[in-house]
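Here is a short briefing on how two protein chains meet. Have the structure open beside you as you read.

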Amino acid sequence: MTQAEALKEYLLRLADSDMILGQRLCELCGKAPALEEEMALMNVALDLVGQARNWYEYAAELIDDGRDADKLAFRRDAHDYRNLLLTEQPNEDYAVTMGRQFFFDVWHYFTLKSLTESSDERVAGIAAKALKEATYHLRRSSEWVKRLGDGTEESHRRMQEAVDILWRFTGELITPDDTDRVMAEAGVGPDPDQLAKDWRGMVNEVLTQATLTPGAEDAWMYMGGKHGEHTEHLGFILAEMQFLQRAYPDATTW
Amino acid sequence: MYAQLVETGAKRLKTKEEMSPEEREFQEKVDAETKIEPKNWMPEGYRKTLVRQISQHAHSEVVGMLPEGNWVTRAPTLKRKLQLMAKIQDEAGHGLYLYSAMETLGADRDEEIEKLHQGKAKYSSIFNYPTLNWADMGAVGWLVDGAAIVNQVVLQRTSYGPYSRAMIRICKEESFHQRQGYQILLDMMREGTEEQKAMVQDAINRLWWPALMMFGPHDDESPNSQQSMAWKIKRKSNDELRQMFIDQTVPQLEFLGCTAPDPDLKYNEETGHYDFGEINWQEFYDVLKGNGPCNRERIKTRKNAIDEGAWVREAAVAYAEKQKQRAQAA
C-alpha cells in the first residue's frame, strides 16, 4: 500500500466515524434526559459532523474522481464506509450512549492530539481545530461515566452493563492494520503502540474512578469497520441518512 | 408567536379608582414604559399571566425541536444538516433561557414541564402538524420562525424586564433561522427538479394556514388580550400581528414563485394591506384541545424523554452529593 492510498483510506475512516456517531446523536433529538443534555448532545453532534465535512473535503480532493464531500457522505454504501463499529452501535439507554461516547472520545482525543503534529500540514490543521472540540467532548463524557458509575445503584448497574456491551467494539480502536502502520511510518498518523497505551491508561483511570470494571485486555474483539465489514446496524443508518440523495438522484441543489 | 390564548384571570380591566395604591403605582410604571424587574411588586394576575406566557413559549421551543428532529437524520447535504443541527441547538438554548426568565417569577421549571406532560399547559399549535417532506424544514424556518419573529420583535418591548431581554437575544437567532429557511426554499425553486419544486409548494400548502393560526383567535374572540395589553405584556393585538405577517410574507411568497392555498388572498389598494380568507377556527380550537395530527406523539415523546431519563438525573444528584461529602471529609 502506498502512502497516498493509505492517506485516502485513513481520511475516510476519520470522516466516517465522525459522521456516523454524529448521526446516532441526531437520532436523540428531543429525547435527552434533560434540556441541558439536549443542547449538549446536539452540540457534540454538530462538532462531529462539522469535522466529518472537513475530512471529507480533503479526502475528496485526494480521491479526485469528481465526487465532493456530500457524495462521499451520502452516496457510498455500507461496504464502502470505514467507520469504527463502535460508532454505529444503537443509542439504547443513556449509559450506552455515554459509554459509547466515552470510549470514542478517548480514542478521538489521543488520535487528534497526535495528528496536530502530523507531517501532512492539512491533516495537522484540521486536527488542531477538532482537538479543541474533542477535548470538551472527552471531559463531558468522562464526567457522565463517573456520575452514572458512581451515582445510584441503578445507574451503576446500567453503566457497568454498557461497558460490558460495548467492550467488544473497543479493540478496533487500538488495533492497527496496514493503513494505520503506513500512516504512522510516514509521520502522518499516530504511533499505534502509543495510542493503545494512552487509550488503555485513560479508560482504566476513568472507569476506576467511576467504580466500574473494564473488560479483559484479551477479550474477544469484534472488528471490521475499518475495512467495510460492519454490524447490521449500519445499513439502516445509511438507509435513513441517505434517503433523499437516493430517492432523488437527479437533484443537484438542496 | 409561541403563546396563544394566555389566561390573565381578569374579566375586565380595573379602573384607576378601583386599584389599590400598589396596583396604581405598578400601572403607572408600566404606562411610563419602565421595565418591571423580578424584585418589584406586581399584581398576582400579572405574575401568573407571565408565567403562563413564558412557559408556553419555552415549551414551544422544546416541542418545536421534534418536527425538526424528524428530518435532521435525513438532511440532504452536509451544509443543510449542520444548519439544522445548529438551529435545533439554538432552540434548546432558547428553551433554557426562557425557563430561567420564568423562574425569576417564582415558578418552577419541573412543575411547569409536568403540567405540559399532563396536557394542562399549552404550546404553539403549529408544532402539532407533521413535517412530511424536506421542504418543510425550509417552510418551518420561513413561516413558523417568521410568524414567531413578528410577535417577538414586538415583545422586545414587553413590560417584564427578563422576558424583554430574552426576546432581544432570541430574535437575533430566529431572524437568522428564518433567512436560512427561506434560502432552502429559494434554492429548491430556482435550481431544483420538478419534484423538488413540488415539495416546496406542498410544504407551503400544508403549513400556510397553521402559520396564520399561530397569532391566535380574532381580537373580539380573545378575552385575555385587553388585560395583557394594559399590562403591556402584549403590545399588539392578534389581528394586527397577523396582518403584519401576511403583508411581509406575501411578497416573499411571490418571489419564490409559489402560491398560498387561499383564493381570497389579494392586495387591497385602498387599505394598502393584503386581504385574506377566513381561518378554519374549528381546526384551530380542535388542535388546541389536543386533536391535532401530532399532539399525542409530541407529548408522548417529551414525556418519555423526561420519564425515562429520571434515573440519569437521580444519578447526577447522587454523585454530586457524594462528591460534596468527599470534599467535606478531606
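In this predicted model, 4 salt bridges turn up across the interface of chain B and chain A. One to look up is the pairing of the A:Glu36 and B:Arg109 side chains, with 2.8 Å from N to O.

**Which parts of chain B take part**
- Six helices of chain B each bring at least two residues to the side that touches chain A: α3 (65–72), α4 (78–103), α7 (161–191), α8 (194–213), α12 (295–308) and α13 (310–329).
- The biggest contributor is α4(B), which gives 14 residues to that side.
- By residue type, the side of chain B that touches chain A holds 26 nonpolar, 10 polar and 13 charged residues.

- The contact draws 49 residues from chain B and 50 residues from chain A.
- Together, chain B and chain A bury about 4400 Å², and 71% of this lies on carbon and sulfur atoms.
- On the chain B side, B:Leu78, B:Trp311 and B:Tyr319 lose the most area to chain A, together accounting for 18% of what that side buries.

- For the complex, the predictor reports an ipTM of 0.98 and a pTM of 0.96.
- Chain B has a mean pLDDT of 95, with 100% of its residues at 70 or more.

Definitions and conventions
Residues are numbered from 1 along each chain as its sequence is written. Chains are lettered from A and ligands numbered from 1 in the order in which they are written. This is a predicted model: local features need pLDDT of at least 70, side-chain atom pairs count only at pLDDT 80 or more; totals for chains, interfaces and linings use all residues. Side-chain values use heavy atoms; hydrogens and water are left out. pLDDT is the predictor's confidence in each residue, from 0 to 100. Contact means heavy atoms within 4.5 Å. Buried area is the accessible area (1.4 Å probe) that two parts lose on being put together, summed over both. Helices (H or I, at least four residues) and strands (E, at least two) are DSSP runs, numbered from the N terminus. Ala, Val, Leu, Ile, Met, Phe, Trp, Tyr, Cys and Pro count as nonpolar, Asp, Glu, Lys and Arg as charged, and the others, Gly among them, as polar.
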